[in-house]
Amino acid sequence: MDIKSLGWGIFFKRQLIESEKTYYPARISRQNTNNYILLSEKGSSIGILPSKFKEGFKGQLPTVGDWVLVEDVEDMEPDKVTIQRILERKNLLSRKEIGEADRQQLMAANIDRVFIVSGLDGEFNPRKIERYLLLCWSLDLQPAVILNKKDLVKNSKDAVNQVKTISGDTPILCLSALNKMGISSLIQYMKPGSTSIFLGSSGVGKSSLINLVMGEETFKTGAVRTKDSKGRHTTSFRELVLTPHDSVLIDTPGMREIRIWSPDINMNRFQDILALAQRCKFNDCSHTSEPGCELKLAEENGIVSSTRLNQFKRLMNESLQNEFGNQKKY
């Protein structure tokens, strides 16, 4: 197994130190209750976490996509290793835990592309797609939108145009996992050594799309209910796999609710709006009804679209709510 295909690169190599030369790097493929499934140049192994990690808070534990340094131990079974250190992450995809106002749920680490999957059946919901986009933008991750089940509609242009109004320059792919339409265009986004994660509700076809990329049934799939297009949770855990195209994919369970977690929400997507906000007449301008608001003026003159301005306000609102521990649902 080629470690570069798993996503290993100079960012992680620079973190190696001489005193740890007996350790070797491995990537977290799956998190189980008491151990981790790892992938490395040696193949697949089971990683055991020492108690020194468990004494810390949850955010310090490894998650799917993490690179760790492991060590073979003589008195352990041949396929088991000890995890000695978690390497610094390039990024982290996380959300607020459902039912918990101030706890972070780790989803995956070291991501290059987030594929937001929506069905073109009754599941199609631009508002939910926008929520996923805001999650990605808040973490400075690169999203792409997949509209699956193209075979169920005569004309997909209307749906594509609806997504365009909320997604800006985000790539939009219109596919059919059932008829294998457009899969080659999806694979083109998976560069060798890159890591992609699939997000979306149950039943939108995440696992089906990944199986087509893999060329085999790697993940179980299930049918959706005809009356409401809702799917069952055929994927119950996050798992990272190496594709035949020398890239990495992560499948995830369906998400019913998207709650943004980020004490310091990244606003890089809205640098132009932030620059305009600095020129408002009042420092505490809410950008709603105050005189001398540069954002209102930019919206009226068509410099900034109403959609982007509303997205900016929603992320700023999320940031304030995170700061004061009061989260709304959208």
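Lys42 is exposed, because its relative accessibility is 56% (exposed means over 50% relative accessible area, buried under 20%, partly exposed in between; 1.4 Å probe, protein chains only). Its side chain meets that of Asp72 in a salt bridge, 2.8 Å from N to O (a side-chain nitrogen of Lys or Arg within 4 Å of a carboxyl oxygen of Asp or Glu). This is a predicted model: local features need pLDDT of at least 70, side-chain atom pairs count only at pLDDT 80 or more, and totals for chains, interfaces and linings use all residues. Residues are numbered from 1 along each chain as its sequence is written, and side-chain values use heavy atoms, with hydrogens and water left out.

**Salt bridges**
- The whole structure holds eleven salt bridges.
- Asp72 is partly exposed, because its relative accessibility is 41%.
- Asp272 pairs with Arg308, with the closest N and O atoms 2.9 Å apart.
- Asp272 sits in helix H7 (residues 271–277) and Arg308 in helix H9 (residues 306–324), so this pair ties together parts 36 residues apart in sequence. Helices (H or I, at least four residues) and strands (E, at least two) are DSSP runs, numbered from the N terminus.
- Both ends are partly exposed: Asp272 at 38% relative accessibility, Arg308 at 23% relative accessible area.
- Arg279 bridges to Glu294, with the closest N and O atoms 3.7 Å apart.
- Arg279 is exposed, with a relative accessible area of 55%.

**Helix H6**
- Seven of the nine residues of H6 (residues 206–214) are buried, so the helix is largely enclosed by the rest of the structure.
- Lys206, Ser207 and Asn211 are among the buried residues.
- The buried residues pack against elements including strand S8 (113–119), strand S9 (143–148) and helix H5 (183–187).

**Helices H3 and H4**
- H3 (residues 126–138) and H4 (residues 157–167) pack at about 35°, with axes 10 Å apart. Axes are lines fitted to C-alpha atoms, for helices over the stretch in contact, and angles run from 0 to 180 degrees between N-to-C directions.
- H3 brings residues including Ile129, Leu133 and Trp137 to Val163 and Ile166, among others, in H4; contact means heavy atoms within 4.5 Å.

**Nonpolar cores**
- The largest core has 55 residues; Leu147 and Ile129 are among those touching the most other members. A core is a set of buried Ala, Val, Leu, Ile, Met, Phe, Trp, Tyr and Cys residues joined through side-chain atoms within 4.5 Å.
- H3 gives this core its largest share, seven residues.
- Another core lies apart, with 18 residues, including Val117 and Leu249.
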